[in-house]
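Dear colleague,

Please find below the sequence and the structure that I am handing over to you. My notes on what was found follow directly after them.

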Amino acid sequence: MYIKPNRVNDAKHLQNLYSHMDRSSHKYDSIRQHVYVDVIKPLQEPYNDMMRHYVIEYDSVQKAKLVANYIIRNMEKPCYAMTIVGGSQPNGQTIVPCIHIIFNGAYVKSLASLLKDVHF
């Protein structure tokens, strides 16, 4: 499996990205009751230039939780933050459950290999 994570550009980008990942940004205030959020690992590390962001979609929260827990058990140290989100969006759309991960970019191949082993 090939994955192409996005680079986290700087500390401000990291802050904005994480507020999107945990749905704490103000744009979610009016729809908060229709949003699903599960913080698997909160962001506690300061910005560094190895941080990358990757999103994986699943068709159910249960599948997303299983995969998130599998990733965190196998890659806890290179994983800086992880959330599962789904439900309403501020623009009125609904999204399927997604795992958002901020992880060390040196481990892209390891994450890809781990995800390749997940079958439903």
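Just after helix α1, R23 takes a positive phi of about 55 degrees, although R23 is not a glycine. Please bear in mind throughout that this is a predicted model. R23 belongs to the loop between α1 (11–21) and β2. R23 counts as buried because its relative accessibility is 2%, which is under the 20% cut-off.

At the start of α1, a side-chain oxygen of D10 comes to within 3.2 Å of the backbone nitrogen of K12. Which residues of α1 are buried? They are L14, L17, Y18, S19 and M21. The cover over these buried residues includes β2, β3, β4 and β5. In an α-helix there are 3.6 residues a turn, so residues three or four places apart point the same way.

R23 is one of the residues touched by V37, together with D22, I84 and V85, when residues up to four places away in sequence are not counted. V37 itself lies in β2, which spans residues 35–41. V37 counts as partly exposed because its relative accessibility is 33%, between the limits of 20% and 50%. V37 and V85 are 48 residues apart in sequence, yet their C-alpha atoms are 4.6 Å apart in space.

V85 brings us to the pairing of the strands. V85 stands opposite C98 in β5. Strands β4 and β5 run antiparallel and are joined by eight bridges. The hairpin that they form has five residues between the strands, and in this hairpin G92 takes a positive phi near 95 degrees. Strand β5 is joined to β3 as well: these two also run antiparallel, with seven bridges between them. V55 stands opposite H100 in β5. As for accessibility, β5 is mostly covered, with eight of its 11 residues buried.

S88 is a further residue of strand β4. S88 is buried because its relative accessible area is 18%, under the 20% cut-off. Leaving aside neighbours within four places in sequence, S88 is in contact with I31, H34, V35, Q93 and T94.

I turn now to the interior. In soluble globular proteins, nonpolar side chains tend to be buried together. How many residues does the largest nonpolar core have in this model? It has 21, and those with the most contacts inside it are I56, I71, M82, I99, I101, L111 and L115. The elements that give two or more residues to this core are β3 (51–57), α2 (61–74), β4 (79–88), β5 (94–104) and α3 (108–116). Apart from this core lies another, of nine residues, among them L17, Y18, Y80 and I102.

Not counting residues up to four places away in sequence, I101 touches M21, R52, H53, Y54, I56, I71, C79, A81, M82 and L111.

The structure holds one aromatic pair. Y58 and F120 form this pair, which is edge-to-face, at 6.2 Å centre to centre and with 80 degrees between the planes. The pair links distant parts of the chain: Y58 is in the loop between β3 and α2, F120 is in the segment after α3, and 62 residues separate them. Are the two partners buried or exposed? Y58 is buried, with a relative accessible area of 14%, whereas F120 counts as exposed at 55% relative accessibility.

Finally, the count of salt bridges comes to two. In one of them, the side chains of D29 and R32 meet at 2.6 Å, N to O. D29 is partly exposed, with a relative accessible area of 43%, and R32 counts as partly exposed at 34%. In the other, D59 is joined to K63, the closest N and O atoms being 3.2 Å apart. D59 is exposed, with a relative accessible area of 57%, whereas K63 counts as partly exposed at 25% relative accessibility.

With kind regards

Conventions
Residues numbered from 1 in each chain as written. Predicted model: local features only at pLDDT ≥ 70, side-chain atom pairs only at ≥ 80, totals over all residues. Heavy atoms only, no water. Core = buried A, V, L, I, M, F, W, Y, C linked by side-chain atoms within 4.5 Å. Buried < 20%, exposed > 50% of the residue type's maximum accessible area, 1.4 Å probe, protein only. Helix = DSSP H or I, 4+ residues; strand = E, 2+ residues; numbered from the N terminus. Contact = heavy atoms within 4.5 Å. Phe/Tyr/Trp six-rings, centres within 6.5 Å; stacked < 30°, edge-to-face > 60°. Salt bridge = Lys/Arg side-chain N within 4 Å of Asp/Glu carboxyl O. Polar contact = N/O pair within 3.5 Å; in protein donor to acceptor, adjacent residues only side chain to side chain. Pairing = 2+ DSSP bridges.
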